[in-house]
2 protein chains.
Amino acid sequence: MKDLRETALAVKAASAELGLLSAEKRNAALGAIADALIAHEADVLAANELDLADGRANGMSESLLDRLALTGARIEGMAEGVRQLIALPDPLGEVIEEFTRPNGLRIRKVRVPLGVIGMIYEARPNVTVDTAAIALKTGNGILLRGSASALRSNLALANVMRGALRSVGLPEDALAVVEDTAHESVDRIICMNDCVDVVIPRGGAGLIRRVVQTATVPVLETGVGNCHIYLDESADYDMAEAIVVNAKTQRPSVCNATETLLVHSVWATAHLAKLLAKLHTLGVTIHGDAQVRAVDKLALPAGEEDWANEYLAPELAVKVVDSLEEAMQHIARYGTKHTEAIITEDAENARIFLRCVDAAAVNHNASTRFTDGFEFGFGAEMGISTQKLHARGPLGLREMTSYKYLVYGNGQVRQ
Amino acid sequence: MKDLRETALAVKAASAELGLLSAEKRNAALGAIADALIAHEADVLAANELDLADGRANGMSESLLDRLALTGARIEGMAEGVRQLIALPDPLGEVIEEFTRPNGLRIRKVRVPLGVIGMIYEARPNVTVDTAAIALKTGNGILLRGSASALRSNLALANVMRGALRSVGLPEDALAVVEDTAHESVDRIICMNDCVDVVIPRGGAGLIRRVVQTATVPVLETGVGNCHIYLDESADYDMAEAIVVNAKTQRPSVCNATETLLVHSVWATAHLAKLLAKLHTLGVTIHGDAQVRAVDKLALPAGEEDWANEYLAPELAVKVVDSLEEAMQHIARYGTKHTEAIITEDAENARIFLRCVDAAAVNHNASTRFTDGFEFGFGAEMGISTQKLHARGPLGLREMTSYKYLVYGNGQVRQ
């Protein structure tokens with residue numbers, strides 16, 4: 001097994017080289033990776049089969065086995081994702097700002113890579129390819145620490161990608177999978193301040209909490225989404241139903257799915273029974289307060305833990321509120337600053353909600369499911385940030401960059 | 001003594017209100033604070049006198065006593081600094097970007113406050129006023145944890161500022177000095193993820209290291225500057241001398257002062273003896289490699305620890321190198337990514353240096369001393385960031401903000 005520290009130092013050294021390459025060279029590497037994934041599909045599938053066999057032997061659940069499984073179609077999908085990055089604008093070297101000081105100093109703020117990204121993730125091997133490709137596109141090295149259960153798949157994918165880098169004359173160490181999958185290796189990576197510039201955890205709430213608690217390297221916290229929809233007094237019924245159904249049922253397991261519905265009491269009197277009946281037909285379990293249970297005999301009682309819960313399942317907490325203010329107070333208390341939505345025909349209430357609610361995305365008359373790098377048109381996504389420092393919401397290419405100031409003088413000294 | 005947790009929760013509650021105030025109201029608060037500092041000068045000086053008396057009794061050094069001491073002139077300087085913020089453009093609400101997706105969703109990225117800033121700092125009471133005023137200007141609450149030795153001064157300043165906030169009808173809890181100056185209170189603040197959005201440590205390397213190592217709240221790391229000047233083969237002598245003298249001697253105790261001089265061997269043969277003689281007349285101690293000591297009999301031998309040392313004093317490490325590449329390798333190894341400068345008449349060498357050197361500021365023919373919020377024209381400064389995440393270099397008003405996405409729909413759901 002390769003030594004973790006040596007691996008990290010190699011990625012750091014390669015990242016310095018990578019960050020100075022032209023966009024053409026970095027894009028050529030992406031093209032070579034996409035081709036190599038297709039060409040070496042059989043090797044990757046064979047490695048994945050070994051991981052799957054172990055998973056079955058260890059009693060891994062069907063849903064986890066499905067997340068772990070690669071197929072020809074899934075590999076082609078990864079390759080296509082890599083190819084799509086090629087066409088996206090190069091963020092590096094972009095002049096963000098330029099100004100001249102009274103003493104004649106010309107200062108230019110230009111976009112540069114972050115350096116080395118430490119990616120800590122669970123289960124799905126496609127994350128290995130998706131995030132490595134984004135790192136290469138943005139001139140960053142990447143240290144990939146996936147699950148033990150996907151190690152052979154991840155190593156096979158990394159080997160293919162490293163071979164592709166070699167084939168176009170680029171340093172293969174720009175990306176590396178950490179072979180040490182002991183729990184302790186995560187703790188080591190996230191405290192390697194001299195090698196790693198940012199850590200991105202992607203996975204369950206436990207993993208993310210552990211990384212945030214332990215890391216000394218700056219972290220981009222992703223993921224937890226206790227998202228709300230507030231149905232205001234004037235919400236159009238058909239729009240409300242379509243959005244709530246979409247936000248709750250289209251893909252309940254993801255962070256931008258809605259977990260709590262807040263309903264204005266006037267709207268509730270007119271429409272709530274119908275809306276909840278519709279949700280029941282779609283297999284959604286309702287957890288409601290007393291007013292909700294009065295119109296929906298199937299609803300289970302909702303308590304404190306329901307308001308705070310990210311179900312990630314076809315379950316929905318529902319609460320009746322008497323005003324926009326009460327809805328916003330509930331969101332301020334229980335929300336995770338991911339995505340919050342108001343459905344209303346009242347422009348002033350929409351304005352107040354969008355202004356006052358503190359979250360990465362605040363939506364008017366749109367599903368919470370849109371908070372996503374692809375839906376936002378970024379063409380790529382490393383995750384969804386729920387912190388306020390550096391980047392908020394979908395992490396695309398620009399969010400994987402920093403900047404530096406170039407200062408042009410002709411002998412200036414400070415007075 | 002007020003409970004730390006209660007204090008933090010009060011700042012958090014006030015920050016939510018503050019972030020929604022108009023620029024006019026926030027600027028009115030700054031004006032009231034500037035007036036109140038002048039009006040209550042006697043109270044502040046009396047409190048400061050108690051801190052100074054204790055400092056003298058405890059054998060505090062003259063230089064620390066000087067940093068702690070307030071005078072009428074210093075208070076007027078603080079008030080003037082607060083007033084200058086009023087005229088600066090308001091960063092909040094700025095539309096950073098706006099775009100429409102093919103499905104008709106209109107997405108607007110707008111600048112918002114970070115929330116609550118946790119400021120951990122040492123000694124100088126002016127930091128209390130400077131950083132609180134920047135926080136108010138940018139709609140952020142601020143929790144101020146200064147030194148025990150300056151507690152009465154800091155509390156007196158905070159009381160004056162809180163009174164000024166009350167006088168204009170704003171929540172006084174937007175800023176609060178932490179009364180608990182036990183070491184443990186720092187550890188508590190920097191792990192209050194539910195109350196504090198970012199921690200900024202300002203002080204010595206030990207304080208900064210401790211915060212980075214312990215914090216679970218995102219940190220903006222500031223300060224350590226092992227800055228280099230590289231004198232290239234073609235450097236103009238007079239310009240080189242003026243810049244080196246300025247960067248080393250104008251204020252040796254600050255992070256953007258130069259600590260190591262790298263000199264091309266050809267230039268060294270022609271000019272180094274003269275330059276070092278000049279530095280000796282200014283009282284600078286030289287630590288040189290063998291080639292330096294060959295032309296400067298006063299130079300002390302330089303070793304590994306000199307290349308890594310941030311002297312913060314009139315001492316300079318000097319090394320002769322054979323090429324631009326060797327200079328850049330030295331900087332990559334020992335630099336702290338703060339500020340690096342090349343002095344050269346060769347445009348191509350300048351281009352390579354500015355492109356390849358990884359630091360917050362990379363200068364051509366200008367002193368390293370310019371890396372500063374005021375010198376960059378930001379009109380304010382919370383510190384100098386040496387990390388790559390969020391902000392790099394001088395932290396001005398915009399660097400104290402985050403953003404959110406406002407998503408405007410008319411019923412869109414995700415396919």
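**Side chains, loops and helix pairs**

Visitor: Which residue's backbone oxygen does the side chain of Lys248(B) reach at 3.0 Å?

Guide: Lys248(B) sits in helix H10 (residues 237-249) of chain B, where helices are DSSP H or I runs of at least four residues, strands are E runs of at least two, and both are numbered from the N terminus. At 3.0 Å, its side chain gets to the backbone oxygen of Ala313(B).

Visitor: Before we go on, what pLDDT do side-chain atom pairs need to count?

Guide: Residues are numbered from 1 along each chain as its sequence is written, while chains are lettered from A and ligands numbered from 1 in the order written. Side-chain values use heavy atoms, leaving out hydrogens and water, and in this predicted model totals for chains, interfaces and linings use all residues, local features need pLDDT of at least 70, and side-chain atom pairs count only at pLDDT 80 or more.

Visitor: Back to that lysine: with which side chain does the side chain of Lys248(B) make a polar contact?

Guide: A polar contact here is a pair of N or O atoms within 3.5 Å; within protein, one must be able to donate a hydrogen and the other to accept it, and residues adjacent in sequence count only if both atoms are side-chain atoms. Setting aside residues up to four places away in sequence, Lys248(B) touches several residues (contact means heavy atoms within 4.5 Å), including Thr258(B), Val284(B), Pro314(B) and Leu316(B). The polar contact between side chains, at 3.0 Å, is with Glu259(B).

Visitor: Is Lys248(B) buried or exposed?

Guide: The cut-offs are under 20% relative accessible area for buried, over 50% for exposed, and partly exposed in between, using a 1.4 Å probe and protein chains only. Lys248(B) has 0% relative accessibility, so it counts as buried.

Visitor: What angle do the axes of H10(B) and H11(B) cross at?

Guide: Axes are lines fitted to C-alpha atoms, for helices over the stretch in contact, with angles from 0 to 180 degrees between N-to-C directions. Tyr237(B), Ala240(B), Glu241(B), Val244(B) and Val245(B) of H10(B) meet a set in H11(B) that includes Trp267(B), His271(B) and Leu275(B). The axes of H10(B) and H11(B) (residues 265-281) come within 11 Å and cross at roughly 40°.

Visitor: What is the phi of Leu312(B)?

Guide: Most residues other than glycine have a negative phi. Leu312(B) is in the loop between helix H13 (304-308) and strand S11 (315-321) of chain B, and its relative accessible area of 37% makes it partly exposed. Although not a glycine, Leu312(B) has a positive phi of about 55°.

Visitor: And what value is the phi of Lys337(B) near?

Guide: Lys337(B) lies in the loop between helix H14 (324-334) and strand S12 (339-343) of chain B. It is partly exposed, with a relative accessible area of 29%. Its phi is positive, in a residue other than glycine, and near 60°.

Visitor: Which residues of chain A is Ser367(B) in contact with?

Guide: Ser367(B) belongs to the loop between strand S13 (361-366) and strand S14 (384-385) of chain B. It is buried, at a relative accessible area of 0%. Leaving aside neighbours within four places in sequence, Ser367(B) contacts Ile243(B), Asn246(B) and Ala247(B), plus Gln412(A), Val413(A) and Arg414(A).

Visitor: Which residue's backbone oxygen does the side chain of His228(A) reach?

Guide: His228(A) is in strand S7 (residues 227-231) of chain A, buried with a relative accessible area of 0%. Beyond neighbours within four places in sequence, its contacts include Thr258(A), His330(A), Tyr334(A) and Thr368(A). The backbone oxygen its side chain reaches, at 3.2 Å, is that of Asn226(A).
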